[in-house]
Each structure stands twice: as C-alpha cells, then as structure tokens.
Amino acid sequence: KAELLRMENVSIVFSSPDEADIEAVRQVDFTLTRGKTLALVGESGCGKSVTARTILRLLDRNARIGTGRILFRAEDEAPVDIVSLKPDSPAMRAIRGNRISMIFQEPMSSLSPVHTIGDQIDEMIMIHERIDQKAARVRTVDLLEQVGIPGARQRADAYPFQLSGGLRQRAMIAMALACKPDLLIADEPTTALDVTTQAQILDLLRALQEEYGMAMLFITHDLGVVAEIADEVAVMYLGDVVEQGNVFDVFRAPQHPYTRALMRSIPRMVRRTERERLAPIEGNVPSPRNRPKGCAFTSRCPHAFAPCTGDYPERTTTGEAHWARCHLLTHDGAPAAAGLRQGT
Ligand code: SF4
Ligand code: MG
C-alpha cells in the first residue's frame, strides 16, 4: 500500500484573548493511501473541516496545532512533516495547490467571479506545468470534458455565474485536478446539490480517483455519502475520532454508541417513510468549551455509566484496523456492554 499522508496524534487548539484555550480537536490519527478514500464523518462543528484545513496549514489566526505530526510523502521523496513548515513558506505553498488540492461545498470559494473558468484553469496549468496559455487551453478543455461539462471548448469562455450549480461544481473539480494532486480533500462537496446531481458528482469523483490514483479525504455529515464513496471512515464527535475502520466493518458492526446513533439516522433508501427518516440523536452537541470530562459523548449517550465521566476512553481494537473509544468495550461488567457487542 502506498501511504501518502499520516496524521499522528494531532490536536488543534483555539485561543481567544479573554478565555482559556480550547482543544477543539484531540489526538487524531489516520493514514491516507493512494487510490483510497477516507471519510471524516460527524455533525457540524465536530472538527472535520478544521482537521482538513490543518493538513493545508490554512488555519485561522486564533487556531494552532497543539501536538502531533503530519507526515506527507509525495513520490519517493523523504516524508516532510507539514507541522514543521511555516504556513506561507515556499515548501508549504508547493504542497498546497500542487500536491494537495481542496474542493468545497460552495464552488465560488475557489472560483473567481470575474474571470472565465477557462482562464482560471489555464492559469493553474501554466503555473504547474510552465507552458504557454495556448497549450494550457488544450489541457483545460480536456479537463472540462473529463469532469463531464458538455461543450467544453465553448463553456471554457463562460463566467462561473453563467453555469448551473452542478456545472460550477464540476468546474471547481477540474480546477482542483489541474495540478494532478496526490491528495484531493473534499469538504462536503455535494451537500448543496440535489440528490441526482449529488450522485453524479460522487460517481465522477470515484472515476477520477481511479484515473489519477490520488488519495481522497472526504468530509461529510452524511453516512449515506460515506457508503457511496469511502473505503475507510473516521467518525468524529466533538473533536475526537470515536471510531475508525474499514467502511464495510463499521457499517456491519458499529462499535461506538455515537456511530450507532448516526446509523439509525440514515434515511432508508427503499420505501422510506417520514417516521423512518427521523431518528435524531437526543440532546445537542455541547460546545467544545463545555466538553464533558472523560468521554465527550457522555451527555447524550444512552449507555453512559460511572467510568465515562471520569476517564478519556482508550482506543480498543475490535477488528482488523477497526477501533473505537468507548468504556463499554473494556469494562466487561458494564451494564450495556454485552448488548452493544451483540448489536442491540
Ligand atoms: Fe457512552 Fe461511556 Fe461509551 Fe462514551 S464511553 S460512548 S459515554 S458508554
Ligand atoms: Mg465543515
């Protein structure tokens, strides 16, 4: 397996002038592999996006990396620790937008409204490949065709506002691919789209991944999307990865009560009724400022018992490359442990 990027024990700290620092993300570990997709899944505010932005060193001024390493190895070069690079250093800039690109829910966060999409993609290619605009345009039209934009040659002269939402999303993907990235980070790229367009974009990303052999880090709050796109999944709750594993294993035998609750809230694809669709998790996510001591899920967990409020749960391995952080998995006498393991 060609390991491309490894996060080791990464924490992200937010500070504000008059309050204590908050550890918004704690002890995140994962590995990204060429040709494979890891999904980070969780409710909004759980730290998924900030984790992704950390890889690109695009944190806001009030955030910093507290601990950990992010080892990135492109080609056969020695790995670089992204944490050791200055955000605006040449080395970091060479990684950002060259080795690693990112797409978002809102295409206008990466497309300029005042230039045609062709000019913007030409520009990326010219920087990346040091060729003139005429040669770049040939590649641009190829890329636009590859992402499924009909009439690519003419559409290259369109401004973003002249395209539909779905086509704008495709144009943004073409731009992200212009540098032939080793890693594509996708932050909720289909969330704003209708169901049909969403399915088309997911298909497109899968096909492009196969063609380019890139690794993908896919951020979503939707387990249905995870099932469609990911090989592995890391479930985040309030800044912690609470469970991680192969998608098949996690869906077949989710180990953490939070993962189970998320599973129950997946809309049924077949014969869905309103009642089946709505199985929300009781209670609200607390603010990271009020994160419970011990397990962060304590305030909403139906299985919480004494140890949960005291100790941060260790990782428990429950299968090959599948683990979860929950005291039920280590306390045999725990009230709900037996039921949890049997899948009730
Ligand atoms: Fe629930 Fe306790 Fe497990 Fe946390 S550690 S998920 S509170 S049972
Ligand atoms: Mg987000």
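## Strand β8, a covered strand

Let's start with strand β8, which spans residues 215-220 and is mostly covered, with 6 of its 6 residues buried. Keep in mind that this is a predicted model. Which residues cover the two sides of β8? On one side sit Ala-215, Leu-217 and Ile-219, on the other Met-216, Phe-218 and Thr-220, and all of these are buried.

## Neighbours of β8

Strand β8 has a parallel partner in β3 (residues 37-41), joined to it over 5 bridges. Within this pairing, Leu-38 has Leu-217 of β8 as its bridge partner.

Strand β7 (residues 183-187) also pairs with β8 in the parallel sense, again over 5 bridges. Here you can find Leu-184 opposite Met-216 of β8. To get from β7 to β8, the chain passes through helix α7 (residues 195-212), making a right-handed β-α-β crossover.

The protein splits into domain 1, made of residues 3-99 and 181-342, and domain 2, made of residues 107-180. Taken over C-alpha atoms, their centres are 30 Å apart.

At the place where they meet, 12 residues of domain 1 contact 11 residues of domain 2. Which element gives the most to the domain 1 side? That is α7, with 5 residues. By class, the domain 1 side has 9 nonpolar residues, 3 polar ones and no charged ones.

## Around ligand 1

Now find ligand 1, which is surrounded by 13 residues. The closest are Cys-295, Cys-301, Ala-304, Cys-308 and Cys-326. Sorted by class, this shell holds 9 nonpolar and 4 polar residues, with no charged residues.

Note on methods. Residues are numbered from 1 along each chain as its sequence is written. Chains are lettered from A and ligands numbered from 1 in the order in which they are written. This is a predicted model: local features need pLDDT of at least 70, side-chain atom pairs count only at pLDDT 80 or more; totals for chains, interfaces and linings use all residues. A residue is buried if 20 or more other C-beta atoms lie within 10 Å of its own, exposed if 12 or fewer, and partly exposed in between; C-beta atoms are placed from the backbone. Helices (H or I, at least four residues) and strands (E, at least two) are DSSP runs, numbered from the N terminus. Two strands pair if DSSP finds at least two bridges between them. A crossover is right-handed if, with the strands pointing away from the viewer, the path from the first strand over the helix to the second runs clockwise. A residue is near a molecule or strand if its C-beta atom, placed from the backbone, lies within 6 Å of it. Ala, Val, Leu, Ile, Met, Phe, Trp, Tyr, Cys and Pro count as nonpolar, Asp, Glu, Lys and Arg as charged, and the others, Gly among them, as polar. Domain bounds come from an automatic or database domain assignment. Two residues are in contact if their C-beta atoms, placed from the backbone, lie within 7 Å.
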